[in-house]
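Trainee: Hi! Could you walk me through this one?
Mentor: Happy to, let's take a look together.

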Amino acid sequence: MPALACCVDAAVAPPGYAFAGDSSLPAPVPFAGDPLATNDAAALPTGEHSHWSPSLSADLYRIDGWGAPYFSVNTSGNISVRPYGKNTLPHQEIDLMKIVKKVSDPKSAGGLGLQLPLIVRLPDVLQNRLESLQSAFDFAIQSQGYESHYQGVFPVKCNQDRFIVEDVVKFGSAFRFGLEAGSKPELLLAMSCLCKGNPEALLVCNGFKDADYIALALVARKLALNTVIVLEQEEELDLVINLSQKLSVHPVIGVRAKLRTKHAGHFGSTSGEKGKFGLTTIQILRVVRKLEQAGMLDSLQLLHFHIGSQIPSTDLLADGVSEAAQIYCELVRLGAHMRVIDIGGGLGIDYDGSKSSESDISVGYGLEEYAMAVVRAVQHVCDRKSVKHPVICSESGRALVSHHSILIFEAVSASVHDSPATSLSLQRFVEGLSEEARVDYQNLAAAAVSGEYETCLRFADQLKQRCVDQFKEGSLGIEQLADVDGLCDLVSKEVGATDPVRTYHVNLSVFTCIPDFWGIGQLFPIVPIHRLDQRPGARGILSDLTCDSDGKIDKFIGGESSLPLHELEGSDVVFGGSGKYYLGMFLGGAYEEALGGLHNLFGGPSVVRVLQSDGPHSFAVTRAMPGPSCGDVLRVMQHEPELMFETLKHRAEECGHEDGMTNGSLASGLALSFHKMPYLVAGSSCCMTNSGYYYGNEDNYNRAADSAAGDDDHWSYCFA
């Protein structure tokens, strides 16, 4: 091949090292070619290599599987949101790229001037999910002749954000939808929010409890909130009895049962007889007897159980519900005033669109099948035992909030697939080789001429290793080591053995924004949110900004180890080029925000709340919150940014400057750094002005200055 011939030109090779005949490699059997033709599951549709369309992207990324009915690809090649699900009219669809533009454009251009990464919250989708869940149970109850109702609660551990919890209470008020808390601060926020909710809405108190927790729950009952204290441990009952007597509150009590039914998947590890939570049958009987002795058996009104998140099939669900219903009926027989069966969480999300019951990231049912399985199982047992049908409660957090939140981030650079051209002086290169390395070079040349590609690669690797050893010994210079690296890269490229998967560097922290991927291997659909009318020309993995080898995403839905991606636009495919490439992580509205840490002190994303609107772009941003600044994340780790600034300011005064920069301007720039987000700023370059230094354009500088001006007086003079 011509490229390799330049590096092994017989005319300049020393005697005994010239190639016989043509010095270029013969055309190899193609190892690569189509960048999407890898071992990964997603491949191009047959016969569609030259033409591309949004529908092909929808198929490639399985959007119609995991995204229905809320996400689709529009004719512009952008991801669009259907806020009302299947009832969304065409003019109501929201183009995600228009949201990104509105949010990220500078204020001088009519934007909000927020920095990515960005969480887009869609309350309309949340409301649709809640109404769809309620409708599924209402239909199952009516069609089966069930003689009670469904009354759900949202477990706030899924996402404790104030506006999400308030939305759930507001949207669910007509359905008596309540909240579930698992800790004292969660109980406090639930109490506050439910003061504006339906008075019949349940406040379910789960989790391990001490006297303070139980006293707080009893106070909630004094405040006329429909509070149920669910016993997770037998010892909690004594506290409930004693404190309720002291506070003169008649409590409503539930028990959490350890079922024999066990969910075998990752999310079922706390289920079964040896599960982390709940009471055995022996303990439940002791609770009944103790309540009876205290004259409080009428307080026992709820049975709770949980067989794990992401329940894969309705068969497993029905088995667990039937077992729990038997316990419920036995408690009725023993004299408890039972009225509610709380089936816990477990309503799963189809993260990959496969509708498989054999996967931790998919489920083999929809909302309707789930509700029907629950209603039938409870009804069957209760009818057989001649027990009044209980109120059915579920704690379906993941299913409610996952769809309404989208994480959007930018790919800022990508590793170059083609090795850069290497200018190689063969004479100098060969003269610097040891005798053993020269033999490897001769063998490499001979294999190249004869077209023995595997042998060619083997001798190239062998030559490279010998040269590395020489370099470590100090007998080979860095220029010669670079020459052998370039030669070996060229050999790999010419024989088609170069890894076709690139690394796309994204302006994100996996640990902060997608902790479940790092912690438990949870997969989420990740898709470019634009350019979907173009054929992706590469495959890539995603590497984040953190200084950690785990800060990458190299597993994707569909069993893929890389993701079809487009070439980055802009010169040299580097950060700051003319084009921007945006990716979205979907179905991440549950758990990710609360679990995210501060690895490398990268804080959380900016957040916007977007409602469907009849305006020109079909949406309105009703709330925008910039992500935490450098000062904010430093405070979390007990640092004091104001004092840190004072230290740096004094050092600047001590050092002085001869380059014309005043101490005040340097201090102003330092202060501004504390007010910036830790993430990269698109197109930034370090600039100096008479009032200090800043990154990015003047609008960004002014915005940061404005945001800091409202802080306390320790900072005010920094921007004078």
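Trainee: Is Gly-145 buried, partly exposed or exposed?
Mentor: Gly-145 is partly exposed, because its relative accessible area is 43%. Buried means under 20%, exposed over 50%, and partly exposed in between (1.4 Å probe, protein chains only). This is a predicted model, where local features need pLDDT of at least 70, side-chain atom pairs count only at pLDDT 80 or more, and totals for chains, interfaces and linings use all residues. Residues are numbered from 1 along each chain as its sequence is written, and side-chain values use heavy atoms, leaving out hydrogens and water.

Trainee: What is Gly-145 in contact with, leaving aside neighbours within four places in sequence?
Mentor: Gln-379 and His-389; contact means heavy atoms within 4.5 Å.

Trainee: New topic: which residues touch the most other members of the largest nonpolar core?
Mentor: Phe-154, Leu-179, Leu-331, Leu-542 and Phe-586, out of 160 residues. Such a core is a set of buried Ala, Val, Leu, Ile, Met, Phe, Trp, Tyr and Cys residues joined through side-chain atoms within 4.5 Å.

Trainee: Where does this core lie, and why?
Mentor: Between domain 1 (53-120 + 403-417 + 500-624) and domain 2 (123-402), because both give residues to this core. Those bounds come from an automatic or database domain assignment.

Trainee: And which residue does UniProt list for "active site"?
Mentor: The unreviewed UniProt entry lists Cys-547. Positions are in the numbering used here, feature names are shortened, and annotations may be inferred rather than shown by experiment.

Trainee: Does Cys-547 count as buried or exposed?
Mentor: Cys-547 counts as exposed, because its relative accessibility is 71%.
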